[in-house]
Amino acid sequence: MDERSLSVVAVRSVGPDSVAIDIETPAEFDAQPGQFVKLTLSVDGEDESRFYTISSPDVADEFEITIGIDPDGDVAPHLADLEAGDEVRVSGPFGSDYYEGESRAVLLAGGPGIGPAIGIAERALQDGNDAALVYQDDDPIHEERLDALEADGVSVTVLSDEADLADAVAEATDDGGQVFVYGFADFLDEAMAALEAAGVDSDEAKVENFG
């Protein structure tokens, strides 16, 4: 989709220094869980663009992105101040490492990577498939959705930033499945090492590096 101006439907706090923004879905926007969009807005008269991964299980009517708010950031604080009815410019979707109806999704998420991970887990359940989720963050977000996933039978493990991933990843991958990894570079390095230690080929994982 070429860049379009789209209306904000809602802005919600989803945990410490984090918001979820619901944006209207335009015609012919056929994004899949795990893909991302380019969001542009004007800040002090200058266009600023950032990429955000979709965190809703589908894009019917509206879609969600989850944003960590750095109070000293150039863009995120302005996004957190948006209100329903405001407009943002969006293009996409982009990305090839997304959910494609796999029978079992193993989600490894660090920090804001929980956004796409939780969306994929929810979509997998909607499709009648299985999921397991390992989430590393000292200040977890989207806790209500994590609790709901666990209540629906998803294996959910939440670890502190200092915790070793190895045991949790080994347990999550024990029954096989397509691995998805979302987070910043340091988390990706840890996750890949944990996959290899568990005997899983990390080259087969679908990975998005947040920087």
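## About the model

The model is predicted: local features need pLDDT of at least 70, side-chain atom pairs count only at pLDDT 80 or more, and totals for chains, interfaces and linings use all residues. Residues are numbered from 1 along each chain as its sequence is written, and side-chain values use heavy atoms, with hydrogens and water left out.

## Salt bridges and a network

Let's start with the charged side chains. Strands are DSSP runs of E with at least two residues, helices are runs of H or I with at least four, and both are numbered from the N terminus.

How do the two partners sit relative to the surface? Asp22 is buried, with a relative accessible area of 9%, while Arg12 is partly exposed at 33%. Here, buried means under 20% relative accessible area, exposed means over 50%, and partly exposed is in between (1.4 Å probe, protein chains only). Arg12 and Asp22 also take part in a network of salt bridges that links them with Glu64, Glu122 and Arg145.

## Two more pairs

Which residue does Asp47 pair with? Asp47 forms a salt bridge with Arg89, and their closest N and O atoms are 2.8 Å apart. Asp47 lies in strand 4 (residues 46–53) and Arg89 in strand 6 (residues 87–94), so the bridge ties together parts that are 42 residues apart in sequence. Asp47 is partly exposed, with a relative accessible area of 48%, and Arg89 is partly exposed too, at 23%.

Arg50 and Glu48 make another salt bridge through their side chains, at 3.5 Å from N to O. Arg50 counts as partly exposed at 28% relative accessibility, and Glu48 counts as partly exposed at 24%.

## A stop in helix 4

Now let's look at a helix. Ala170 lies in helix 4, which covers residues 166–173. With 32% relative accessibility, Ala170 counts as partly exposed.

How far apart in space are Ala170 and Val200? They are 30 residues apart in sequence, and their C-alpha atoms are 8.7 Å apart in space.

Key:
Salt bridge = Lys/Arg side-chain N within 4 Å of Asp/Glu carboxyl O.
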